[in-house]
Amino acid sequence: MSGSRCGAVSRSPFLNTCCAALPFGNDLDKSRIFTCSVKDKNVKTTLQKRPAYTGPVSKSPQHNESPSAGRVMVNGQKQSLSVGQSPDGRQPSPLTSPLLTDAGFIRTDDEDEVRRKRFPTDKAYFIAKELLTTERTYLKDLEVITVSFQKSIGGKDEAMPDSLRNLIFAHFEPVYKFHETFLKEVEQRLAQWEGRSNAHIKGDYQRVGDVMLKNIQGLKLLTAHLQKHSEALLELERTCRSSRKLEGLCRDFELQKVCYLPLNIFFLRPLHRLMHYKQILERLCKHYPPTHDDFRDSRAALADISEMVVQLHGTLIKMENFQKLLELKKDLIGIDNLAIPGREFIRLGCLSKLSGKGLQQRMFFLFNDVLMYSSRGMTASNQFKVHGQLPLYGMTIRESEDEWGVPHSFTLFGQRQSVVVAASSASEMEKWVEDIKMAIELADKCNGPSAEILSSSFTDNKSPEESSADQESEDDLSASRTSLERQTPHRGNTTVHVCWHRSTSVSMVDFSVALENQLSGNLLRKFKNSNGWQKLWVVFTNFSLFFYKTHQDEYPLASLPLLGYSITIPSESENIHKDYVFKLHFKSHVYYFRSESEYAFERWMEVIRSATCSSSHIRSLSRKEPHAY
């Protein structure tokens, strides 16, 4: 593709919801983690409308009684459960394993009340605590590269050239060491803030802006290292293309439990963390009156971090898009070079394609130059096989419900072929039509289709080989719905697979929002048919909740992809009667989560809603220079 092609959008990140620690099992309703719709044969799920969240929720009455351990109500009768057994008698999931049902990790209402009386109630304290909890997760993410990845290739000098080794670790280790010290300072400040210090010195501890100002000024000195992280990612990709041995080592490392996200996402974490600091300081400055002792330091820290974000913003945009293309390359077969210069990702998701056999489920990938469609085949790695590429240059689009009698359908008229597709709902159709029209407009303003696209495009005037390939894909499709137990780690848990099974889509804007809205902290979790609340350390990132026993754990025990889920507040009829509870539900799957404060409750609602509600209308276009990798 020529370097003169224009970019499509201002932000093009990719997030992947895989968890190396977990198999994406066949009987998913047994695991009580992923939704049952994954194994349903009728996979065309209509997206539910999410009720708008209007802010804080009034406190509900408290129960004085603690539920009896190991006893639940089933059909009106009390029944005893063995450790880890779910109320419906199914086998335990990773979330209901003996590790997580140990009595030491079920907090009682009395403990809850004591804790609330002891800890501060100032909103600034909870903002500072969010800084602490997310910094713990960030440091763990840095350890994936500086400790785990370095150890995995430690004795294999011939696999990774010294130049690449130095480029990666020489620029990550200083950042890691800096944040080790930063975390200790934040932990010390929070401990002092929560303590019963003397009144005359207590005010010196009840602030965090001074700690942030000092450390952000120190972080500015590491800007040169932060700028090198994108170069390290690019060089790692280039070296993997030329070295099958290094490529195999990276692939094997991604299968380790500690690498709970795709490896290349960890290379972008330092740049994303700058944006998190900016958001935390913005909330702090908004909360403080100008006369507050901590306001001046907080505002100065915000000015410094905003300067860094602006300075590195262009690099972040390019690398998010590049990372997304690299990840999609792992999910697709039948396309030789996905990450060509100038190409930008826009949306991926599930649509039904109309053919002589009727509607057939397909996975579509929209870029700024081409629309690709694929089917999921029975490959060892569960990749999607590309069957067609439709250049956007000269394409037109028209709604086709009346013409074909298919709800939510539209026709794409290309220069060589036409394709009729149908979305799972009116809202999904609206997102696709809007994004495709935007991409067509940009493609028409550019230099037309590249020779690479034209030479590799498929047409519907199929050769016998192409027709048989499509027939094979249909056989694969019917079989794949019962073949989940054969999936290998990662490739069965990616965003692409979740969208396929839940008949939904995500855009680059959604990926961007998911990157910027990360959160960590303790939550109490309860199933719909259980009485007990389990205390978990929860990390929200990549459209998923990752569950740990404590924040010190090296890897998550389980995860819950949130695409397709709705987040609401429990109704009175659900008899929760606890403060700060939100509800996650998809079809028959229901989970309740309790947060420790009103502030934490609002933040969890905010970030989870960012993953469950598509940002189809929040789009900022730019006419920037194309990416050159």
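Trainee: With which residue does the side chain of Arg347 make a polar contact through its side chain?
Mentor: This is a predicted model, in which local features need pLDDT of at least 70 and side-chain atom pairs count only at pLDDT 80 or more, while totals for chains, interfaces and linings use all residues. Residues are numbered from 1 along each chain as its sequence is written, and side-chain values use heavy atoms, leaving out hydrogens and water. A polar contact is a pair of N or O atoms within 3.5 Å, one able to donate a hydrogen and the other to accept it, and residues adjacent in sequence count only if both atoms are side-chain atoms. At 2.8 Å, the side-chain partner of Arg347 is Ser505.

Trainee: Is Arg347 buried or exposed?
Mentor: Start with its place: Arg347 lies in strand 4 (residues 345-355), where strands are DSSP runs (E, at least two residues), helices are H or I runs of at least four, and both are numbered from the N terminus. Relative accessible area under 20% is buried, over 50% exposed and in between partly exposed, with a 1.4 Å probe and protein chains only. Arg347 has a relative accessible area of 0%, so this residue is buried.

Trainee: How far is the C-alpha atom of Arg347 from that of Trp432?
Mentor: Along the chain, Arg347 and Trp432 are 85 residues apart.

Trainee: Which side chain makes a polar contact with Thr494 at 2.9 Å?
Mentor: Thr494 sits in the loop between helix 16 (464-480) and helix 17 (495-502), and counts as buried because its relative accessibility is 1%. Its side chain has a polar contact with the side chain of Asp331 at 3.4 Å. The partner at 2.9 Å is the side chain of His497.

Trainee: How many residues of helix 17 are buried?
Mentor: You can go through them by name: Thr495, Val496, His497, Val498, Cys499, Trp500, His501 and Arg502 are buried in helix 17. Helix 17 is therefore largely enclosed by the rest of the structure, its buried residues numbering eight of the eight.

Trainee: What is the phi of Ser503?
Mentor: Most residues other than glycine have a negative phi. Ser503 is in the loop between helix 17 and strand 11 (505-507), and it is buried because its relative accessibility is 2%. Its phi is positive, near 50°.

Trainee: And what is the phi of Asn542?
Mentor: Asn542 belongs to the loop between strand 13 (534-541) and strand 14 (544-548). At 0% relative accessibility, Asn542 counts as buried. Its phi, again positive in a residue other than glycine, is near 55°.

Trainee: At what angle do the axes of helix 8 and helix 9 cross?
Mentor: The axes are lines fitted to C-alpha atoms over the stretch in contact, with angles from 0 to 180 degrees between N-to-C directions. Helix 8 (residues 223-242) and helix 9 (residues 244-254) have axes that come within 5 Å. The crossing angle is roughly 120°.

Trainee: Which residues of helix 9 does helix 8 meet?
Mentor: Contact here means heavy atoms within 4.5 Å. From helix 8 come Leu236, Thr239, Cys240 and Ser242. Their counterparts in helix 9 are Arg244, Leu246, Glu247 and Cys250.

Trainee: What share of the protein chain's residues count as buried?
Mentor: The protein chain has 19 helices and 18 strands. Of its 629 residues, the share that count as buried is 59%.
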